[in-house]
Amino acid sequence: MWAVFLVLFLPLFALPLLVVLGASFATNWSGVLPSGFTTAHYEAATRGEALQALTTSLVTATAASLLALATGTWAALAAAALKQRYRKALDALFVLPLAVPSVVVGLATLVAFSQPPMLLNGTRWIVIIAHSVLVTAFAHQSVSAALARLDPAYEQAAASLGASPAYVLWRAKLPLLLPSLTAAAGLCFALSMGELSATMMLYPPDWTPLPVLIYAATDRGALFTGSAVAVVLMTATLLVLLAVSRIRTRASYR
Amino acid sequence: MTEVVRKPRAVLGWSRPPGGSRKSSTAPRPFGALLWALPPLALLALVFLYPLALVVQQSFQPDTGGTSVQPYADVFASSAFREALWTTVWLAVAATVGCLVLGFVLALVIAFVPFPGAKAVARFIDVFLSFPSFLITLALLFVYGTVGMANGAWTGVTGAAEGPFQFLTTPWGVLLAEITYFTPFVMRPLLAAFSQLDTGQLEAASSLGARAPRIVRQVVLPEALPALAAGGSLVLVLCLNEFGIVLFTGAKGVTTLPTLVYGKAILESDYPGACVVAVVNVLISVGLYGLYRVVSRRAGA
């Protein structure tokens, strides 16, 4: 069993990541192992166009996750107070972006925001809007799942002591939801960082996120540079996820 | 579970639910609650529902003007569309079957064979899922590409001019990448289901003389079926809509519905055609996603 596991798991899942990592340091890969150790790809991947793409991705992902978190949490909280029939309808509407292919979300955003009254085509906002739409469903799902598990005793106790609904929300509900909020934020951020399909339909030339740059590099045959940019993308995502999970552990101590 | 308990509801109008319900006593009155639901709903309508409606509208408006089903007739008649539809469907079904088989075996090993790294593996799966799918294709380019690892090793050993692995730009390359990327999506619900499995059942079966394959077939598999169904239908939807993997293989011969939408809209500027393909893609995908929600609710996932 052990051998089966090692034979299946390692080559399939660990190898791809290691291969990309190995290739990012190589000039040539025509044998079993890459050859020609170099860090030149990283110099290219942390400068100029690539550096700008990194900031673009970070800004887009941060903006999209915050927007998605705010909208998704609001919708989940509002839905929880509704009658079951309305709640189901609202939940279904907010989950819908998950079921719609992200290419179609890109196309729809492009069609809608290329004509007046909302002419946003060619600006960075169209990318941020599309990313927010794509990740809101994840934020909404994880917050409403957490809300369903929440023990109503806390808010009932707070309310019975005379706290106003706003105070209950701010001091009892949101702190209790904080772990799932940060988890949702991390998920949204990671998804937005790696989003390619809708972005390919929308990105203006001066707002190129990292995945588009990686595609452009591999498309013109610069596979090794593309790998270095991909490693930068993975590292940035992991660092942010790590930071977000630290917030979560700090919050759980309180 | 609470839904079942709450079934006997007040008949007339809105009344406070009985104690223990998840509806809080601090909830605003029904009208106020509806009012609170409006802002996020309006935002969603503005940036998602209205654009989607525009796509449907534009799919009925050919470039020549007017409103007709001409774009649909054109697209359905084109062989490119029919080929893309067929490729999308068989790739998604094959990838789902592959993910189910592979994910079942791997989850079985992680859950029931005690070894020290199981927790690390579970964590690794989470990290793996947070990376974009096209990284897999990028890696496969180095492993099986024309000058990659496998072909390089082959030409080095045999002295041949070309390696035997040329499948990367064919549908098989896409299939391999999709199975690799989406298998963890099956493993997660399975691992959750296995963790709830009563080990007493397994011990009873084995003390009665059942061998491992029989235990898997008659005890583990029935317990895992709901999780398999939920994971499988999710992967089916994700595979139908996969774009990055197909784009990165650079295979001109492999066109799926999402890449056809991209090609028609961005490369050919044929917006009515792109909208028609998009509508078809959305219908298939939303239908299957609805199925997934029903199945996964049954599975309790």
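Predicted model: local features only at pLDDT ≥ 70, side-chain atom pairs only at ≥ 80, totals over all residues.
1. Two packed helices are described by the angle between their axes and the distance between the axes. Helix α4 (residues 84-99) of chain A packs on helix α6 (residues 124-149) of chain A at about 130°. Their axes lie 7 Å apart. The crossing of α4(A) past α6(A) is left-handed.

2. Which residues make this contact? From α4(A) come Asp91(A), Phe94(A), Val95(A), Pro97(A) and Leu98(A). From α6(A) come Val133(A), Leu134(A), Thr136(A), Ala137(A), His140(A), Gln141(A) and Ser144(A). By type, the contact of α4(A) with α6(A) has seven nonpolar residues, four polar and one charged. When you look at the positions, keep one rule in mind. An α-helix has 3.6 residues a turn, so residues three or four places apart point the same way.

3. Next, look at helix α10 (residues 210-219) of chain A. Is α10(A) mostly covered or mostly open? It is mostly covered, with eight of its 10 residues buried. The buried ones are Leu210(A), Pro211(A), Val212(A), Leu213(A), Ile214(A), Tyr215(A), Ala217(A) and Thr218(A). Just after α10(A) comes Gly221(A), which has a positive phi of about 95°.

4. Now chain B. It has 13 helices and zero strands. Read along the sequence, the pattern is α-α-α-α-α-α-α-α-α-α-α-α-α. Chain B has 301 residues, and 41% of them count as buried. Take the contacts in chain B with a separation of 6 or more: 73% of them join residues 24 or more positions apart.

5. How many residues does each chain bring to the contact between them? Chain A gives 67 residues and chain B gives 69. On the side of chain A that touches chain B, helix α1 (residues 2-24) of chain A gives the most, with 11 residues. That side of chain A divides into 52 nonpolar residues, 12 polar and three charged.

6. Finish with the largest nonpolar core. It holds 163 residues. Leu107(A), Cys188(A), Val229(A) and Val261(B) touch the most other members. Helix α3 (residues 48-80) of chain A supplies the largest share of this core, 14 residues.

Terms used. Residues numbered from 1 in each chain as written. Chains lettered and ligands numbered in written order. Buried ≥ 20, exposed ≤ 12 C-beta atoms within 10 Å, placed from the backbone. Helix = DSSP H or I, 4+ residues; strand = E, 2+ residues; numbered from the N terminus. Contact = placed C-beta atoms within 7 Å. Nonpolar A, V, L, I, M, F, W, Y, C, P; charged D, E, K, R; others polar. Core = buried A, V, L, I, M, F, W, Y, C linked by C-beta atoms within 7 Å. Axes fitted to C-alpha atoms, helices over the stretch in contact; angles between N-to-C directions. Left-handed = near helix turned anticlockwise from the far one by under 90°.
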